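Me: I am new to this structure and would like to learn how to read its features one at a time. Please give me the general idea each time, then the case at hand.

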Amino acid sequence: MTLIGTSYSYFCRMKNINISLVILLFVVFVNIGSTASAQSPQAAPPYQRNVSAELYNAIAQADSLFFNAYNNCNLAVIDSMISEDIEFYHDKGGLSTSKKQIMNATKENICGKVTRELLKGSIEVYEINNYGAVEIGFHGFHNNQEKETGPTHFSKFVHIWRLENNQWKLTRVISLH
């Protein structure tokens, strides 16, 4: 009887250990899963709760297309992405409202001379209902005619994009250095 009682007691303890082990493993796997999903790339930064992944990705893509053209002097792409009613506010250069003048200045002063670097992870996107979106971020510019003298100086920018005929166009640019 003692052998049976001891075996039964051992079985009950093992059963409790197995149940505890299953619960522990479940908790560990749930935590691993939530940690992995929290570390997975997200379309929008977690502090941007009111922007859809689709809008965030569209604006990030428009920014990438525009500045790839900017860095490679693809004036046709730049021209196609700037609205006719552009307003360009530059803290040092002032206000420009002529698309033609902006395009000429880009051709004369930017092409082959300056490239833009986006600070990775800095883009914020906010929807403007029935219009488009605001993009805020940090970027730096490199003078390709001079030797780099240290780390990139990043400054804030604000871009207002309007969706026209399924194409994103820059309508307002605020460049702060």
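Me: How many salt bridges does a search of the whole structure find?

Reply: This is a predicted model, and what follows is computed from it. A salt bridge is read from the distance between a side-chain nitrogen of Lys or Arg and a carboxyl oxygen of Asp or Glu, with a cut-off of 4 Å. Searching the whole structure gives six salt bridges. One of them joins Asp79 and Lys99, whose closest N and O atoms are 3.5 Å apart.

Me: Is Lys99 buried or exposed?

Reply: The relative accessibility decides this, and buried means under 20%. Lys99 has a value of 9%, so Lys99 counts as buried.

Me: Which residue meets Arg162 in a salt bridge at 3.0 Å, N to O?

Reply: That residue is Asp85. The two sit in distant parts of the chain, with Arg162 in strand S6 (residues 155-164) and Asp85 in strand S1 (residues 82-90), 77 residues apart. Arg162 also forms a salt bridge with Glu164, where the closest N and O atoms are 2.6 Å apart.

Me: How do Arg162, Asp85 and Glu164 read by accessibility?

Reply: Arg162 counts as buried, because its relative accessibility is 18%. Asp85, at 33%, counts as partly exposed. Glu164 is partly exposed too, at 24%.

Me: Which residues touch the most other members of the largest nonpolar core?

Reply: The general idea is that nonpolar side chains tend to be buried together in soluble globular proteins. Here the largest nonpolar core has 24 residues, and those touching the most other members are Leu55, Ile59, Phe66, Ile78, Ile82, Val125 and Trp161. Two or more residues each come from helix H2 (53-71), H3, S1, H4 and strand S7 (167-175). H2 gives the largest share, eight residues.

Me: What is Phe66 in contact with, leaving aside its neighbours within four places in sequence?

Reply: Contacts are read residue by residue. Phe66 is in contact with Ile78, Met81, Ile82, Trp161 and Leu170.

Me: How many helices and strands does the chain have?

Reply: An outline of the chain starts with its elements and their order. There are four helices and seven strands. Read from the N terminus, the order is α-α-α-β-β-α-β-β-β-β-β.

Me: Which numbers describe the chain as a whole?

Reply: Totals for burial, contacts and surface can be read side by side. Of the 177 residues in the chain, 28% are buried. Among contacts between residues at least 6 apart in sequence, 55% join residues at least 24 apart. The accessible surface is about 11900 Å², and 58% of that surface belongs to carbon and sulfur atoms.

Conventions:
Residues are numbered from 1 along each chain as its sequence is written. This is a predicted model: local features need pLDDT of at least 70, side-chain atom pairs count only at pLDDT 80 or more; totals for chains, interfaces and linings use all residues. Side-chain values use heavy atoms; hydrogens and water are left out. Buried means under 20% relative accessible area, exposed over 50%, partly exposed in between (1.4 Å probe, protein chains only). A nonpolar core is a set of buried Ala, Val, Leu, Ile, Met, Phe, Trp, Tyr and Cys residues joined through side-chain atoms within 4.5 Å. Contact means heavy atoms within 4.5 Å. Accessible areas come from the Shrake-Rupley method with a 1.4 Å probe; for residues, only the protein chains shown count as cover.
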